[in-house]
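Dear colleague,

Please find below the structure that I am handing over to you. My findings follow directly after it.

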Amino acid sequence: MESGADLLTFGMGERSVKEVAQRLQNGQKASEIRDVRGTCYLIPTKEYEPGPAVDCPSFEQVQKSKKEYAVSCRKQQDEQDAFRGRRVLQKHGSMLLVQNPPALPLSQKELDAVYELPYMRTYHPMYEKEGGVPAIQEVEFSITQNRGCFGACNFCSLAFHQGRYVTSRSEESILKEAKLLTTLPNFKGYIHDVGGPTANFRHPSCLKQEKDGLCPGPKKCLAPTPCPALQVDHSEYLDILRKIRALPKVKKVFIRSGIRFDYLMADPDDSFFRELVKYHVSGQLKVAPEHCVPEVLDAMGKPHIESFLRFQKKYFALCREYGKEQYLVPYMMSSHPGSTLKDAVELALFLKKQHLRPEQVQDFYPTPGTIATCMYYTGLNPWTMKPVYVTKNPKEKAMQRALLQYFEPHLQREVIAALKAAGRPDLIGDGSQFLVRPTPEMRREQAMKKAENNRESDENESRSFFKHQSQTKRTNGKRGHHHYENRKH
Ligand code: SF4
């Protein structure tokens, strides 16, 4: 509404941009283009020609009611499927906002063509005078092998712009790019990544999708447990990695994109897992369990933690078998809708027990186009319409975040405050069973309290002794005297 545009494109855009450009070239006005997939437009409601579409609550309704907002979010999410999605409509006063269905995914040939364009493969020269862009090192020798992600975690907007349908580049195209990388002046023999949104996806998650699309609603291909229809196969990806490894001038091929460990564990053939550990980890493998409490993982749309534990066990067993000193870098998130301070304490205890020390922690913040953002704003789970706990309090967010790095000395005070607020002061102390040591002030306070308690108990003791003595004197003076003498000795 605010953009004032005649037409907006969404998604990855290659098809829609090309189609719109061709129509403009043919003399059609942007304001007349109504039927291109992957575009949105605004039209006076009375001019709209009805067709298969889903009506969202109006803008005025969602502005007034969080419940209506959640309904609107659910309807939009459900239609973001290139194969079965319908138009999404929303009234804004007398105007109607129309979102056409997403563009169809690119075929493998088309995706290859996109990645084989003559890119400059570096940052814009305008940054040169500022000393360049250091982040280029991360991506300079990385290859994108796929697009889309059927993981569809609730906090990730990727399902909205790339979609859940997974497509991938051909082996030839990937090898061509790998060979090109070996010719670049900065190439030192290392290919840093062969991945994508999720490194180890290469195919749609099941066979029905080109006809029926991916399942609508909260049903996910991998969470909380893998769907029985899931097709798990790493053989093609493994073949590609083997061929890149064998290229002249290539010393190492790493995988730095996230590995979906539950998908990996669902593969009865562990050849890929073995070669991943043996050849493709540059010291640390990134994985994203995100949390450990089942209710929080459900709110995130992630698998329960048991699958991570199975994966972790096998990962370290394979590292031992191949004589590799390699680690896991677990991505964890604090304050996701559904996560209470007590849940964050549980997560801290889990990390301690598993000897996991996240170097970075992501504190949830709302990003457009996600189920989690809808939960954050409305306090409702749009799939179930049930209330979800949400913290927006900066103090609590800081405490949840600190708990995930409870071992960092600079977070000690925050962690102590969090444990007290969560009713878990029993986790503050010296020793391996505690999460955090007391601060010097706490120690001084404890020492003073102890001294005061000792003084009080001494005073009480002597008070009760004299009371007893005066009573016994009154009743049996002699015995009282002996008792006093004995005590003195
Ligand atoms: S049937 Fe299973 S694997 Fe296929 S789209 Fe639905 S949830 Fe995913």
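Glu-14 and Arg-147 form a salt bridge in this predicted model, and their closest N and O atoms are 2.8 Å apart. Across the interface of domain 1 and domain 2, two salt bridges are found. Six residue pairs are in polar contact across that interface, both residues of each pair being at pLDDT 80 or more.

On the side of domain 1 that touches domain 2, α1 (14-25) and α3 (66-79) each supply at least two residues. The most comes from α3, which gives three residues to that side.

As for the division of the protein chain, the domain assignment places residues 8-99 in domain 1 and residues 105-123 + 134-282 in domain 2. The contact involves 12 residues from domain 1 and 19 residues from domain 2. Between the C-alpha centres of the two domains, the distance is 31 Å.

With regard to buried area, domain 1 and domain 2 bury about 1,300 Å² between them, and carbon and sulfur atoms account for 55% of it. Within domain 1, the residues that lose the most area to domain 2 are Met-12, Arg-15 and Phe-83. Together, these three residues make up 43% of what the domain 1 side buries.

Yours sincerely

How values were computed
Residues numbered from 1 in each chain as written. Predicted model: local features only at pLDDT ≥ 70, side-chain atom pairs only at ≥ 80, totals over all residues. Heavy atoms only, no water. Domains from an automatic or database assignment. Contact = heavy atoms within 4.5 Å. Buried area = accessible area lost by both parts, 1.4 Å probe. Salt bridge = Lys/Arg side-chain N within 4 Å of Asp/Glu carboxyl O. Polar contact = N/O pair within 3.5 Å; in protein donor to acceptor, adjacent residues only side chain to side chain. Helix = DSSP H or I, 4+ residues; strand = E, 2+ residues; numbered from the N terminus.
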